[in-house]
Amino acid sequence: MRAARLISLVLLLQSRETMTAAELAAELEVSERTIYRDVLALNAAGIPVYADRGRAGGYRLLGGYRTRLTGLSRTEAEALFLSGLPGPAGDMGLAEAVASAQLKVLAALPAPLRDASDRAGQRFHLDVPGWFDTADRPAWLADLARAVWRDRLVEFRYRRGDREVARTVAPYGLVLKNGIWYLTGQVGDDYRTYRVDRVRDVRDAGAGFTRDESFDLVAHWRASADGFVRGMLAERVTVRLSHVGLHDLRYAVDAPFAYAHALAAAAPPDSQGRVVTELPVESVEVAYHVLLRLGPEVEVLAPTALRDLMAGAARRLAAHYRD
């Protein structure tokens, strides 16, 4: 465990040049006292870690010291080649950079581990889009990716419904969700999210921007995605489900939140094993198409408008099979 932490400490200094004991302790999830002991151990092993004093000080490696990747285990080396995601990286215009980086990593690996790339590629493949979705790359994805890397303001037009709006955005990050690319950026004091395939005419705005280093793309995406789903599923319907219907509901609804809500709200089963529960939905019309998938395993109790739609569908279906 300690050996892995020492290697991580050296690689952190190698990539960031100077770090304080507090920063290293936070990255490695240990105390600052442990960092002091680790630095002494590295010095004793001949690795030149030097401490700069003063307000802007910290630990750094002397003389451009670089370590080869001799500390990697086979599992770590193989996992490293799973992180390249060549498809998405290629979409962002980074295919050559990824290939070059992998070659450099392979060259640095000790001989027994140089088959790690082939082993990982033979065993794992990431196919991002859904089954019935296309994997076409959005036209302006590479331009937006360059702006994200370089912290450059961009101007673009964005298709919203049946109209287009102009935006000047500080692009903070790109997210690939279920085969669809999203751009998260700052507009004024707000962070907003845009579907990249709806972006038109991306242009450099002629200026850079200062990134808020406290911004956490992963945390922001999770919060905004959860808020989007909860906001979209603002209406509620009451249904009675058979045991089979409750089981199959997870496959009928798209949002895990909706299924989890229905489970939590379910009343105890009646004598026939049926439960009454509340289901979050986007609208009566959407709920109608969703609940039709459950056939006779569901009965809508409220609202009346949805119950009438389901009853009408049942009558038409019965008419088809009357003979």
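A residue is termed buried when its relative accessible area is under 20% and exposed when over 50%, with partly exposed in between (1.4 Å probe, protein chains only). The model is predicted, so that local features need pLDDT of at least 70 and side-chain atom pairs count only at pLDDT 80 or more, whereas totals for chains, interfaces and linings use all residues. Residues are numbered from 1 along each chain as its sequence is written, and side-chain values use heavy atoms, with hydrogens and water left out.

Helices (H or I, at least four residues) and strands (E, at least two) are DSSP runs numbered from the N terminus. In helix H10 (residues 243-252), the buried positions are Gly245, Leu246, Leu249 and Ala252. Viewed down the axis of H10, these buried residues fall within an arc of 110° and so line one face of the helix; the arc is that of the directions from the helix axis to the C-beta atoms. His243 and Tyr251, on the other side of H10, are exposed. The cover over the buried residues of H10 includes S9, H11, S10 and helix H12 (284-292), contact meaning heavy atoms within 4.5 Å.

Two of these covering elements, S9 and S10, belong to an open sheet of three strands with the order S10-S9-S11 and antiparallel pairing. Two strands are taken to pair if DSSP finds at least two bridges between them. Strand S10 (275-281) and strand S11 (298-302) form the edges, each pairing on one side only. Neighbouring strands of this sheet are turned by 40° against each other on average, direction ignored; axes are lines fitted to C-alpha atoms, for helices over the stretch in contact, and angles run from 0 to 180 degrees between N-to-C directions. Strand S9 (residues 235-241) is joined to S10 by seven bridges, and Val237 has Leu279 in S10 as its bridge partner. Helix H11 (residues 256-265) packs on the sheet, where it touches S9 and S10, and its direction makes about 150° with that of S10.

A further open sheet comprises five antiparallel strands in the order S7-S6-S5-S4-S8. Its edge strands, S7 (190-195) and S8 (199-208), each pair on one side only, and neighbouring strands are turned by 45° against each other on average, direction ignored. Six bridges connect strand S6 (residues 180-187) with S7 in an antiparallel manner; in S7, Asp190 is the bridge partner of Val187. Helix H9 (residues 217-232) packs on this sheet in contact with S5, S6 and S7, its direction making about 115° with that of S5. Helix H8 (residues 141-150) lies across strand S4 (152-160), strand S5 (163-177), S6 and S8, and runs at about 70° to S5.
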